[in-house]
Amino acid sequence: MRLLGSMCGGGAFAFASRFLAASLGALLLWGLACAEKTPLRRRNVLLIVVDTLRRDHLGVYGHTRDTSPSIDALAAQGAVFASAYTTAPWTQPAVASIFTGSYPSTHGLTRIYQKLDPGQITLAERFASQGYATEGIVSHRLVGKKFNFDQGFERYSDEDGMRHNAISTEKVTAKAIGALQALATGERPFFLFVHYFDPHFAYHDHPEISFAGKGPGRLRQGLLPMNAMRDLTPPPQRAERRFIIERYDEEIRHTDAGIGQLLGSLVELGLDDETIIALTSDHGEAIFEHGWLGHTIQVYEEVLAVPLIIRPIPSEAAHRVVEGRVSTLTVAPTLLELAGLDAASDRFQSASLAPWVRGDWDKERGERTPVPRKPIFAEVDYRVDGTEPSNKRARKQVWIQGRYKLIWDDLAGVAELYDLSGDPSERENLVQTKPDRVRQMLAAMRAFHETLEASSEPAQTLEPTQEELEALRELGYVGGTDEEESAPSGDDGSGRGS
Ligand SMILES: [Zn+2]
């Protein structure tokens with residue numbers, strides 16, 4: 001039987017010392033108590049991040065199309081956070097927040113072609129320091145080794161960090177299952193990070209999934225490059241928009257099948273009983289809700305709202321829906337606490353949600369206790385440094401407090417205010433009718449943001465080689481488009497072999 005070091009290890013000693021004042025008698029009592037305790041079993045941790053996964057396109061979150069049977073089955077075993085938010089509307093700052101438990105302004109990785117500062121402490125490092133085997137498998141170059149996202153991982157596979165017009169779920173799943181097979185034979189508990197990419201544009205046709213038929217109207221030859229679809233005049237009509245959504249949903253269903261295989265292998269390998277599983281996303285996707293397609297520069301709900309599902313080890317798990325807004329900043333401290341490790345760090349800018357995952361507080365009070373009502377903050381400071389001028393820039397901050405959501409556009413000097421309880425689709429900008437509310441929220445948000453920036457460590461900007469510049473340009477990262485776009489010339493829908 002593989003066992004984690006028991007609670008009677010160094011952490012418990014520090015605890016005992018602090019609270020029992022390390023007298024000889026207290027130490028004696030501590031020693032006796034420990035001798036009787038059964039050591040904790042090892043608790044592995046599997047963290048799955050699906051790129052560009054809108055919360056509202058999963059069955060568990062109310063989507064009517066059957067996009068996510070595997071994710072829904074996972075959700076049925078664990079805690080579903082009804083209202084989770086990312087910290088940033090694009091990959092690098094958002095994943096860096098999940099890894100470090102801090103906002104982009106603090107961890108410093110806010111712009112394209114920056115690397116995660118080595119002075120940061122990543123979740124993988126925290127697990128490694130507790131004797132865990134750590135492994136990462138990713139399919140997107142922006143979370144690859146080049147940008148230091150492998151910090152703290154013993155093994156990190158980013159060879160399939162790929163072009164946007166490729167389908168990567170099969171490769172990622174196969175590698176992750178191979179990793180589990182190897183980790184299952186080891187003596188150490190493990191932390192495995194798996195990053196799926198397929199819901200990201202381009203939205204490929206999956207013939208085995210029949211959500212989308214033939215394209216209508218101007219999309220009868222298939223989807224167009226992202227910029228071309230954005231520039232359609234007039235904007236995509238209802239049938240065209242529905243077709244885009246159907247193709248996006250096919251990518252989700254395809255990814256879900258891979259996740260189902262991965263979770264099935266946990267059971268087959270006998271690891272499920274001792275593994276904590278978390279699933280979230282780095283950001284969602286706008287599909288013309290506010291006149292735009294994609295992510296990176298918009299901060300409406302379709303981009304910031306993400307799924308967050310956490311299943312503790314099965315003996316502690318039960319299905320529960322946790323209401324209240326939370327940030328993906330909570331992922332790191334929550335996973336550490338669920339694993340029985342020290343989740344306290346002055347670098348974490350959010351507390352652990354483990355009590356709500358396990359339902360501890362339900363038992364104590366006999367009722368569901370809401371998560372602490374803290375404002376949600378998210379931000380984007382997107383521009384291309386060290387490459388060439390780009391017209392794709394955004395510097396915005398978001399502050400959600402009570403029923404209201406404030407968006408501040410720093411470059412335009414313009415605010416937007418929405419009432420999320422009465423207007424969840426953010427249709428009616430209340431900035432003119434509620435000036436006092438705007439002033440109050442803006443002041444609170446700025447004060448908060450300043451404290452983050454004060455603790456910031458600027459990330460290093462890399463100088464891309466000419467070859468890398470070409471690759472970035474091909475992918476649309478530079479040269480007037482945003483982070484994550486491809487420009488397929490016509491889409492044959494296969495996406496394979498590229
Ligand atoms: Zn992303």
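Let's start at Leu47. Leaving out residues up to four places away in sequence, Leu47 touches Ile98, Leu123, Phe191, Leu192, Phe193, Val194, Ala278, Val331 and Leu335. Contact here means heavy atoms within 4.5 Å. A word on the source: this is a predicted model, local features need pLDDT of at least 70, side-chain atom pairs count only at pLDDT 80 or more, and totals for chains, interfaces and linings use all residues. Residues are numbered from 1 along each chain as its sequence is written, and side-chain values use heavy atoms, with hydrogens and water left out.

Now the core. The largest nonpolar core has 69 residues, and Leu47, Phe193 and Leu335 are among those with the most contacts inside it. Its largest share, five residues, comes from helix 11 (residues 331-338). Domain 2 (44-365) and domain 3 (376-467) each give this core at least three residues. A second, separate core of 47 residues includes Ile244, Leu262, Leu266 and Leu293. Terms: a nonpolar core is a set of buried Ala, Val, Leu, Ile, Met, Phe, Trp, Tyr and Cys residues joined through side-chain atoms within 4.5 Å. Buried is under 20% relative accessible area, exposed over 50%, partly exposed in between, with a 1.4 Å probe and protein chains only. Helices (H or I, at least four residues) and strands (E, at least two) are DSSP runs, numbered from the N terminus. Domain bounds come from an automatic or database domain assignment.

Next, Ile137. It is found in strand 4 (residues 133-137). Why does Ile137 count as buried? Because its relative accessibility is 2%. Ile137 and Phe193 are 56 residues apart in sequence, yet 6.2 Å apart in space, C-alpha to C-alpha.

Asp282 and His283 are both buried.

Arg54 sits in the loop between strand 1 (44-50) and helix 3 (69-77). Arg54 counts as buried because its relative accessibility is 5%. Beyond neighbours within four places in sequence, its contacts include Tyr248, Gly284, Glu285 and Glu302.

Four strands form an open sheet, order 13-14-15-16, with antiparallel pairing. Strand 13 (376-382) and strand 16 (414-419) are the edges, each pairing on one side only. Two strands pair if DSSP finds at least two bridges between them. Strands 13 and 14 pair over seven bridges.
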